Amino acid sequence: MFAQCADPKALEGLSWLMCYLTSGKHLLFYASFGTVLLLLAVTAPLALLFGFGGAMASRSRIAPLRWFGKIYTAMVRGVPDIIFFLFVPIALDQGIEFLRSRALCDNPVSPWQGNEFNVCAAAKMPLSTSPEWVHEGYGFTLAVVAFSVVFGAFAANVLYGAMNAVPRAQLETAEAYGMSQRQVNRRVLIPQMWTYALPGLSNLWMILIKATPLLFLLGIQDIVYWARDLGGAKTQAFSYPHPDWRLYYFLAILVFYLLMTWVSERVLARLTRRLSAGQATMGGEALRQAGPA
Amino acid sequence: MKKLILAAAALALTAGMGMAQTIRMGTEGAYPPYNFINDAGEVDGFERELGDELCKRAKLDCTWVTNDWDSIIPNLVSGNYDTIMAGMSITPEREQVIAFSQNYTPPADSAYAALSADADIEAGVIAAQTGTIQAAHVAETGATLLEFATGDETIAAVKNGEADAVFADKDFLAPSVAESNGELVWAGEAVALGGGIGIGMRQSDTDLKKTFDTAIQSMKDDGSLNEMIVKWFGEDAKVFE
């Protein structure tokens, strides 16, 4: 990166370390922290959306919709996460390529042949000719979907419980005012349920943060991948030979995750306080007794 | 503006189709000097140089992809990439699942490295990478097999005393042994395993297999393959006759 790093083997001490820590591979390592943060930033709202849909479906008066909501939460919550993370991306990928092969191949045959999964070149997703970032983006998207489906199911259960926890009297009062079911939902039920949902959702958020290394399992080059690669002993074949340094790299990741969860806990604590204000819960009562802030 | 970008993108895509066939070359990227990620973050090593030369001779447009060793065969057959060049020896078991090109290295020695030359390789704990011919070999001897996902971890296991010895391709272990200042030494006799390293491909890709067979043959004939082997593995490396 810097001019003085042109000949790493001639360097020593601090300047060696400076060059080492700014090598192209390290920059990729630093960028992978961004990958993890991006995954969190995209997955959290998406999972919440899935959860909200699932919870609303579970409460629906339309039977098939209710069944769908119930089956979704029960099924996803009943399968080990790792199985799901391995299953969803492969199933999605093969499903997409199968549909594309029907539409785009000249004489489509079943892609499942023996132990192979083959579609014609035009139906590949992404195309073999696509640049590498498209392939990476595609893999990342599949991972986001897998994460969202799994965490959405848990969120659905949390939100479903939270909706049921809103005191019936509140809803009855709203009905007595002549609000329609939809208005009751929007004006009373949903604004009030968050305070009940937050403990469960904050739990989920913490689990989601800690589940991000599963990206590594999906073949995405995340921080665990790079830490393992960079930390391994390097021979003279590399520009920066060094002994086994995995300990330090994993320590850095450990600190990163502790920092993430520490910040999250503080933010969630503030949010809980805010949402509790004026609520008929113990938290709300404690706030009321403490007097106006 | 948006339409312009879309049109340009569509043009770029269709233009790409007319060009040489794009082959996605799968490798592990963690088995120096065969293949590794260099400090610039790119795939490097003997197989990178060889693969690029083969693609040039076969007039193919090649890009490199890395994949964990564990899932390197499943992801080939499910179409994530088109070839495996990852120090994979040709064995009858693997040939049932995938096809191999002719070998691009002669059958090479596998060796034991340990902290002392008299380490117990007969009945001790031997580290090997999962799913390699070396792991299969250790399983057949009386030793206890300790498997790791990467080759690097197998060496680390010996250094920190978890295993008595590591069993791997001699050419992979050689730099680590040479640079360990005497900490690591060879133990026991080297064993010749497998039928040399070949390019793994899907069994249905018969044309691609022919293309690579021809390219490898041309490099064997003009001696450039032997030169490359010596360049990466040293003067003592086995070359083609």
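This is a predicted model: local features need pLDDT of at least 70, side-chain atom pairs count only at pLDDT 80 or more; totals for chains, interfaces and linings use all residues.

Residues are numbered from 1 along each chain as its sequence is written, and chains are lettered from A, with ligands numbered from 1, in the order in which they are written.

Chain A has eleven helices and two strands, where helices (H or I, at least four residues) and strands (E, at least two) are DSSP runs numbered from the N terminus. From the N terminus, its elements run α-α-α-α-β-β-α-α-α-α-α-α-α. The radius of gyration of chain A, at 25 Å, is well over the 19 Å that the globule rule gives for 293 residues, so the chain is more spread out than a compact globule; the radius is taken over C-alpha atoms, and the rule is 2.2 Å times the number of residues to the power 0.38. Its C-alpha trace spans about 80 × 65 × 30 Å along the principal axes.

In chain B, five strands form an open sheet of mixed pairing, in the order 10-9-11-8-12, two strands being paired if DSSP finds at least two bridges between them. Strand 10 (144-148) and strand 12 (185-192) of chain B are the edges, each pairing on one side only. Strand 8 (residues 109-114) of chain B pairs with strand 12 of chain B in the antiparallel sense over five bridges, and B:Asp109 has B:Ala192 as its bridge partner in strand 12 of chain B.
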